[in-house]
Amino acid sequence: MATERDALRIFGTIPRAKLILTALYSVQILAAALPLATVVVLKSVIDSLSAKGAGIGDVLGELTWLLVLSLLSVAAEFGARLLGNLAATELTGRLQLQMYDRLVTMPLAFFTTTKTGALVSRLTNDASATQDLLVSVIPTTISSSVTIVGTVVILSTIDLRLIALGVVIPICLIFIRRAEARINAMATASFDALKDLSSDIDSTLSFEGVALARENGQVSRERGRFVAGARTIIRTTRILNGWAASTNAYYGTAFALMTTGAIAVCAFLKATGTFEIGTLVLVILYVQQLQRPVQSLIGTRYPRYRARAALDRCLDVIRSSIQPAKPTSESDLLVPSPVESLLPGPVLEFEGVSFRYPTVSSYAIPGLSHAGNAISIPGLPLTWLENAGPSPTDDQARPLALSDVSFSIAPGEFVAVVGRSGAGKSTLASLAVALDLPSGGDVRIGGRSTAALPDSTVAARVAHISQSTYVLHESIRANLLYASPAADEAEMLRALELAQLAELMANLPDGIDTVVGEKGHRLSGGEAQRLAIARAILKKPTLVVLDEPTAHLDAITESVIKTVLLTEFSQLAVLMIAHRLSTIMDADRIIVMESGRIIEQGTHRTLSGRPDGRYARLIEAQREAAG
Ligand SMILES: Nc1ncnc2c1ncn2[C@@H]1O[C@H](COP(=O)(O)OP(=O)(O)OP(=O)(O)O)[C@@H](O)[C@H]1O
Ligand SMILES: [Mg+2]
């Protein structure tokens with residue numbers, strides 16, 4: 001398990017880390033020591049005022065000291081809060097940045113095994129829960145130890161017998177341990193209940209989930225499940241809080257016994273010798289003052305465990321040994337490098353390419369892959385992530401998704417890829433746009449291996465229109481500029497016009513500035529697809545890869561694609577995957593795939609002329625399906 005040392009190491013990477021921590025822990029020690037001195041001055045005030053005829057003049061010095069000590073205490077507490085806040089936010093920020101940098105380079109397959117909620121929780125809840133290690137656990141341990149040691153030393157100088165009262169603490173601990181065991185059991189039960197509830201909410205309270213429940217008359221059943229889950233949580237939380245309250249009662253009882261015992265010892269001392277009333281007050285105050293540090297010191301066990309577990313989860317991400325999807329240097333991530341000159345010749349070349357999807361365990365992060373949802377319990381800000389690893393079947397070596405695939409596309413050439421579902425067409429597309437790198441052989445864009453091409457070069461040269469277009473929850477303008485930051489208004493309007501989105505634009509409340517996407521105006525599947533085409537037009541790429549752009553979409557989108565292929569994209573290298581063979585009859589070359597291999601290549605005319613050919617059979621099958 002991660003420790004405070006790991007937290008310190010990560011914190012050490014921020015500027016002036018040592019200075020901040022030294023200052024923080026110094027003021028913490030000062031804040032703990034000052035009240036000890038205050039009690040000594042109080043005793044002196046009482047002793048001075050106990051003398052017959054004593055007046056204000058006799059305690060002026062002490063009063064000044066009391067004021068100075070109190071002001072110093074206030075200043076130390078203030079400083080500790082400010083510095084603690086600084087250290088906490090810096091540590092969280094550092095962890096978040098390191099996790100983000102790691103996650104953003106993960107193989108895309110990783111994101112198919114995780115839920116957004118789990119990622120969000122790791123970047124927010126877990127990153128901030130680790131703060132406790134620096135600003136609560138370490139300082140509490142330091143300051144409580146200072147107070148306890150200081151108090152014990154002072155009490156032992158008054159009378160060694162006072163120390164014997166400390167025996168009450170271990171007795172009290174027996175009860176507290178019992179309560180803690182109950183608290184842990186209840187917390188676990190509560191986690192489980194919350195986990196179930198949150199995954200229910202996740203699957204049922206979404207656009208699709210609510211629609212599904214309504215369409216199938218399951219709303220009241222879903223409500224019943226929600227109520228039952230919520231009740232379980234309320235009940236466990238109530239019991240848990242009850243046990244938490246009882247630990248307070250045990251501490252209270254223990255210190256009441258110690259205080260009474262201390263007064264008894266003082267009464268005994270008074271009877272046997274000289275004992276000033278100030279000393280009695282001093283003893284009572286010290287014994288009382290012990291309660292808080294003892295309680296905090298014992299109480300740090302739970303926050304420490306929680307913060308260490310959270311840090312563990314953050315480190316699982318930061319230190320995961322998963323190979324990045326592509327070798328991306330830091331500078332490449334932050335500043336796009338100028339587009340590198342690409343060599344003349346074919347725009348896209350596959351040479352003896354094979355590809356195997358990695359096993360899940362090779363890119364799984366504990367608790368994130370196949371993760372449940374992140375959860376926090378009211379009053380117990382814990383996050384709970386299901387730690388189920390990948391199931392054993394996920395881990396068997398996968399067959400090759402592509403084997404020995406070779407072809408090339410020259411500028412102005414339109415190449416189509418067809419084949420049955422699962423033949424490897426989308427895999428081929430993801431290698432062509434450098435989202436994945438080949439396991440064997442070489443994929444070259446503009447004569448350069450995709451493995452060596454910076455992301456920025458690929459981004460500038462390649463447009464990818466996939467079947468599921470991701471629309472950012474931003475304006476249409478922002479969605480277009482995301483692909484081509486330098487595009488001007490006229491270019492954007494032209495691209496929208498070519499993609500047949502002009503009419504839609506005219507009907508939207510804010511035109512091109514209308515916010516679209518998940519929480520904005522929802523684009524239909526065909527509209528989103530055409531937005532992707534507009535993005536591709538604006539980009540002025542050298543290579544366009546379209547993955548089944550017409551499979552389930554409308555006639556408008558199909559006609560847009562046909563038009564742009566003949567106009568905007570006619571001088572480019574185009575790779576298009578299609579189910580609907582009618583869209584690719586004009587292709588310069590058609591590649592037929594099966595089980596990851598190219599089994600036929602040629603024009604529509606030559607391929608359809610082979611009666612036993614796979615392409616001819618595909619055409620036959622589609623004709624029959626169309627009736
Ligand atoms: N992320 C992944 N991890 C593991 N295997 C995968 C992954 N994606 C695809 N595969 C497997 O690779 C093979 C090829 O899949 P691919 O998506 O390339 O097929 P496709 O030809 O595009 O099919 P479709 O026409 O249905 O889109 C399939 O057997 C599929 O199960
Ligand atoms: Mg596919």
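**Exercise 1.** How are α19 and α20 oriented to each other: roughly parallel or roughly antiparallel?

*Solution.* The model is predicted, local features need pLDDT of at least 70, side-chain atom pairs count only at pLDDT 80 or more, and totals for chains, interfaces and linings use all residues. Residues are numbered from 1 along each chain as its sequence is written, chains are lettered from A and ligands numbered from 1 in the order in which they are written, and side-chain values use heavy atoms, with hydrogens and water left out.

Step 1. Helices are DSSP runs of H or I with at least four residues, numbered from the N terminus. Axes are lines fitted to C-alpha atoms over the stretch in contact, and angles run from 0 to 180 degrees between N-to-C directions.

Step 2. The axes of α19 (residues 525–539) and α20 (residues 555–566) come within 9 Å and cross at roughly 15°.

Step 3. Angles under 35 degrees count as roughly parallel, over 145 as roughly antiparallel, 65 to 115 as roughly perpendicular and the rest as oblique. α19 and α20 are therefore roughly parallel to each other.

Step 4. Contact means heavy atoms within 4.5 Å. On the α19 side, Gly526, Gln529, Arg530, Ile533 and Ile537 make the contact, and on the α20 side Ile556, Thr557, Val560, Ile561 and Val564 do. By class, this contact has six nonpolar, three polar and one charged residues.

**Exercise 2.** Determine how α3 and α5 are oriented to each other, and list the residues that meet.

*Solution.* Step 1. Helix α3 (residues 56–103) packs with helix α5 (residues 116–129) at an angle of about 155°, their axes being 8 Å apart. The two helices are therefore roughly antiparallel to each other.

Step 1. In α3, Thr92, Leu95, Gln96, Met99, Tyr100 and Leu103 meet Leu119, Arg122, Leu123, Thr124, Ala127 and Ser128 in α5. This contact has seven nonpolar, four polar and one charged residues.

**Exercise 3.** Which residues touch the most other members of the largest nonpolar core?

*Solution.* Step 1. A nonpolar core is a set of buried Ala, Val, Leu, Ile, Met, Phe, Trp, Tyr and Cys residues joined through side-chain atoms within 4.5 Å. Buried means under 20% relative accessible area, exposed over 50%, and partly exposed in between (1.4 Å probe, protein chains only).

Step 1. The largest core has 47 residues, of which Ile476, Leu496, Phe569, Ile584, Ile590 and Tyr615 touch the most other members. Its largest share, eight residues, comes from α19.

Step 2. A second, separate core of 40 residues includes Ala87, Met106, Ala307 and Ile365.

**Exercise 4.** Is Ser143 buried or exposed, and what does Ser143 touch beyond four places in sequence?

*Solution.* Step 1. Ser143 has its place in helix α6 (residues 131–158). With 15% relative accessibility, Ser143 counts as buried.

Step 1. Not counting residues up to four places away in sequence, Ser143 touches Gln28 and Ala32.

**Exercise 5.** Describe the placement of Gln289 and of Leu49.

*Solution.* Step 1. Gln289, in helix α10 (residues 277–299), is partly exposed at a relative accessible area of 24%. Leaving aside neighbours within four places in sequence, Gln289 is in contact with Pro35, Leu36, Val39 and Thr147.

Step 1. Leu49 belongs to helix α2 (residues 17–50) and counts as partly exposed at 44% relative accessibility. Outside four places in sequence, Leu49 is in contact with Ala54, Gly55 and Val59.

Note on methods: Ala, Val, Leu, Ile, Met, Phe, Trp, Tyr, Cys and Pro count as nonpolar, Asp, Glu, Lys and Arg as charged, and the others, Gly among them, as polar.
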